[in-house]
Amino acid sequence: MSMISRIASDVQLMLRRPPRQQYAALCFRKRKKQAAPEVLLVTSRDTGRWVIPKGWPMPGKKSHAVAEREAYEEAGVKGNVSREPLGYYTYHKGLSDGLKINCRVQVHALEVKDMLKDFPEKGTRRQEWVSCEEAASRVQEPELKVLFHIFAQRFNRESGPAATENNEY
């Protein structure tokens, strides 16, 4: 590597900002005739790609509470959210000025108990219940794909009413 290339690389590293933090809900439901859970995907408002409900930190709210709030605002669902994160993924968020910033998303499982007819972002997004495998095939972020597979494995291994009541996802 030439000296100029090395300096350019070092300057890029110095100017790189740490990722911004977001919180998300992996919304799921259990079906009576199926062993595997279904997960809820929503479309992003800007590009229409498939995502899970997520948002920025909120003053005075813990991460799992933010995830729960985003699930309500973006998808109109209410339920039991896990206090412990299921995992994390990263992505590049495009801003309105054309810049892209790195975001790290902490994901909390949320077992859906109720779907509301009216919610803040109704009509601005599509939503669909799908299998974990289908969800993994639809989302673009590689680490989120992995989280869907991890969730399905944990769900199958720990399925039963006690697992979700104790928030073990």
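**Figure 1. Accessible surface and overall fold of the predicted chain.** The accessible surface of the protein chain comes to about 10200 Å². Carbon and sulfur atoms hold 50% of that area. The model is predicted. Its protein chain has 169 residues, and buried residues make up 42% of them. Five helices and eight strands are present. Along the sequence, these elements run α-β-β-β-β-α-β-β-β-β-α-α-α. Among contacts in the protein chain with a separation of 6 or more, 68% are between residues 24 or more positions apart.

**Figure 2. Helix 2 and its surroundings.** Helix 2 spans residues 63–75, 13 residues in total. From first C-alpha to last, helix 2 reaches 18 Å. That is close to the 18 Å expected at 1.5 Å a residue. Helix 2 is mostly covered, with eleven of its 13 residues buried. The buried residues include Ser 63, His 64, Ala 65, Val 66 and Ala 67. Glu 70, Ala 71, Tyr 72, Glu 73, Glu 74 and Ala 75 are also among the buried residues of helix 2. Gly 76 follows helix 2. The phi of Gly 76 is positive, near 70 degrees.

Figure 3. Glu 121 is found in the loop between strand 7 (100–115) and strand 8 (127–131). Glu 121 has a relative accessible area of 12%, under the 20% cut-off, so this residue counts as buried. Its side chain joins that of Arg 125 through a polar contact of 2.6 Å. Beyond neighbours within four places in sequence, Glu 121 is in contact with Arg 45, Glu 73 and Glu 74. Glu 73 and Glu 74 are among the buried residues of helix 2.

Figure 4. Four aromatic pairs are found in the whole structure. Phe 28 and Phe 155 form one of them, with ring centres 5.9 Å apart. Their planes meet at 75 degrees, over the 60-degree cut-off, so the pair is edge-to-face. This pair links distant parts of the chain. Phe 28 lies in strand 1 (residues 20–29), and Phe 155 lies in helix 4 (residues 142–158), 127 residues apart. Both Phe 28 and Phe 155 are buried. Phe 151 and Phe 155 form a tilted pair, 6.0 Å centre to centre, with 45 degrees between the planes. Both of these residues lie in helix 4. Four residues separate them, about one turn of the helix. Phe 151 has a relative accessible area of 0% and is buried. Phe 155 has 2% relative accessibility, so Phe 155 also counts as buried. Ring pairs link Phe 28, Phe 151 and Phe 155 into a cluster.

**Figure 5. Arginines over the rings of Trp 56 and Trp 50.** The charged end of Arg 20 sits over the ring of Trp 56. Its distance from the ring centre is 4.6 Å. Arg 138 lies over the face of Trp 50. Here the distance to the ring centre is 5.1 Å.

Definitions and conventions
Residues numbered from 1 in each chain as written. Predicted model: local features only at pLDDT ≥ 70, side-chain atom pairs only at ≥ 80, totals over all residues. Heavy atoms only, no water. Helix = DSSP H or I, 4+ residues; strand = E, 2+ residues; numbered from the N terminus. Buried < 20%, exposed > 50% of the residue type's maximum accessible area, 1.4 Å probe, protein only. Contact = heavy atoms within 4.5 Å. Areas by Shrake-Rupley, 256 points an atom, 1.4 Å probe, with all protein chains shown as cover. Polar contact = N/O pair within 3.5 Å; in protein donor to acceptor, adjacent residues only side chain to side chain. Phe/Tyr/Trp six-rings, centres within 6.5 Å; stacked < 30°, edge-to-face > 60°. Lys NZ or Arg CZ within 6 Å of the ring centre and 35° of its normal. Expected span 1.5 Å × (residues − 1).
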